[in-house]
Amino acid sequence: MTAEGPDLSFMREALDLASEAAAAGEVPVGAVVVKDGEIIGRGYNKPITTSDPTAHAEIIALRDAARALGNYRLTGCELYVTLEPCAMCVGAMVHARLARVVYGATDPKTGACGSIVDLPGLATFNHHGRFEGGILADECSGVLKRFFAERR
């Protein structure tokens, strides 16, 4: 397996979850949390169906992983998400102490990893994981474009 193999595999898992969100009428974003090569947390967008503005894919995946580990600190974990995280999600990722965040498509409207603001780049944060974008970006943005085109 190439160095990119695991990244592609985990992002495809997140894409599968994004499809579940779309089927539920939610904006199709999916996320998985990985520790030692195993998925320990899964989530997809649910703010509409749960009437919860914090029910982003990343937050749900972080909560799932924290329950699996029995700890709110997710040290050594990686999160894969199909869309660039927003400010709320980046904050949660920093507090969770993730080692790495990998996202697919950029978000020109609310992206907080460089599109609107670069929160991970703030030197004053007490934890600095790696944030990397662009894995399966075309596939990730395609899912979103199709979803919104069908609603127009």
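**Entry 1: the sheet**

I began with strand 1 and strand 2, which pair in the antiparallel sense over six bridges. I counted two strands as paired if DSSP finds at least two bridges between them. Helices (H or I, at least four residues) and strands (E, at least two) are DSSP runs, numbered from the N terminus. I noted that the model is predicted: local features need pLDDT of at least 70, side-chain atom pairs count only at pLDDT 80 or more, and totals for chains, interfaces and linings use all residues. Residues are numbered from 1 along each chain as its sequence is written, and side-chain values use heavy atoms, with hydrogens and water left out.

I looked up the turn of this pair. Strand 1 and strand 2 form a hairpin with two residues between them, and Asp36 in the turn has a positive phi of about 55°. Lys35 has Glu38, in strand 2, as its bridge partner.

I then turned to the other neighbour of strand 1. Strand 1 (residues 30–35) runs antiparallel to strand 3 (residues 77–83), and five bridges join the two. Here Val34 stands opposite Glu78 of strand 3.

In what order do the five strands of the open sheet lie? I read the order as 2-1-3-4-5, with mixed pairing. The edge strands, each pairing on one side only, are strand 2 (38–44) and strand 5 (130–133). From one strand to the next the twist averages 15°.

For directions I used axes, which are lines fitted to C-alpha atoms (for helices, over the stretch in contact), with angles from 0 to 180 degrees between N-to-C directions. Contact means heavy atoms within 4.5 Å.

Helix 3 (residues 57–69) lies across strand 1, strand 2 and strand 3, and runs at about 140° to strand 2. Helix 5 (residues 137–151) also packs on the sheet, where it touches strand 3 and strand 4 (100–105). The direction of helix 5 makes about 60° with that of strand 4.

I next examined helix 4 (residues 87–96). Which of its residues are buried? They are Cys89, Val90, Gly91, Met93, Val94 and Ala96. Buried means under 20% relative accessible area, exposed over 50%, and partly exposed in between (1.4 Å probe, protein chains only). The cover over these residues of helix 4 includes helix 3, strand 3, strand 4 and strand 5. Just after helix 4, Arg97 takes a positive phi of about 70°.

**Entry 2: the core**

A nonpolar core is a set of buried Ala, Val, Leu, Ile, Met, Phe, Trp, Tyr and Cys residues joined through side-chain atoms within 4.5 Å. The largest one has 45 residues, of which Met11, Val33, Leu62, Leu74, Leu79 and Leu98 touch the most other members. Elements that each supply at least two residues of this core include helix 1 (5–23), helix 3 and strand 4. Helix 1 gives the most, with seven residues.

I checked Leu98 separately. Leaving aside neighbours within four places in sequence, Leu98 is in contact with Leu62, Leu74, Cys77, Leu79, Met93, His127 and Gly129.

I also checked Val102, which lies in strand 4. Val102 counts as buried because its relative accessible area is 0%. Not counting residues up to four places away in sequence, Val102 touches Met11, Leu79, Tyr80, Val81, Glu132 and Ile135.

**Entry 3: salt bridges**

How many salt bridges does a search of the whole structure find? I recorded five. The criterion is a side-chain nitrogen of Lys or Arg within 4 Å of a carboxyl oxygen of Asp or Glu.

Asp64 and Arg67 form one of them, at 3.8 Å, N to O. Both lie in helix 3, three residues apart, about one turn of the helix. An α-helix has 3.6 residues a turn, so residues three or four places apart point the same way. Asp64 counts as partly exposed because its relative accessibility is 26%, whereas Arg67, at 61%, counts as exposed.

Glu78 and Arg100 meet in another salt bridge, at 3.1 Å, N to O. This pair links distant parts of the chain, with Glu78 in strand 3 and Arg100 in strand 4, 22 residues apart. Arg100 counts as buried because its relative accessibility is 8%.

Glu132 and Arg130 also form a salt bridge, with their closest N and O atoms 3.4 Å apart. Glu132 is partly exposed, with a relative accessible area of 27%. Finally, I noted that salt bridges with shared partners join Asp7, Glu78, Arg100, Arg130 and Glu132 into one network.
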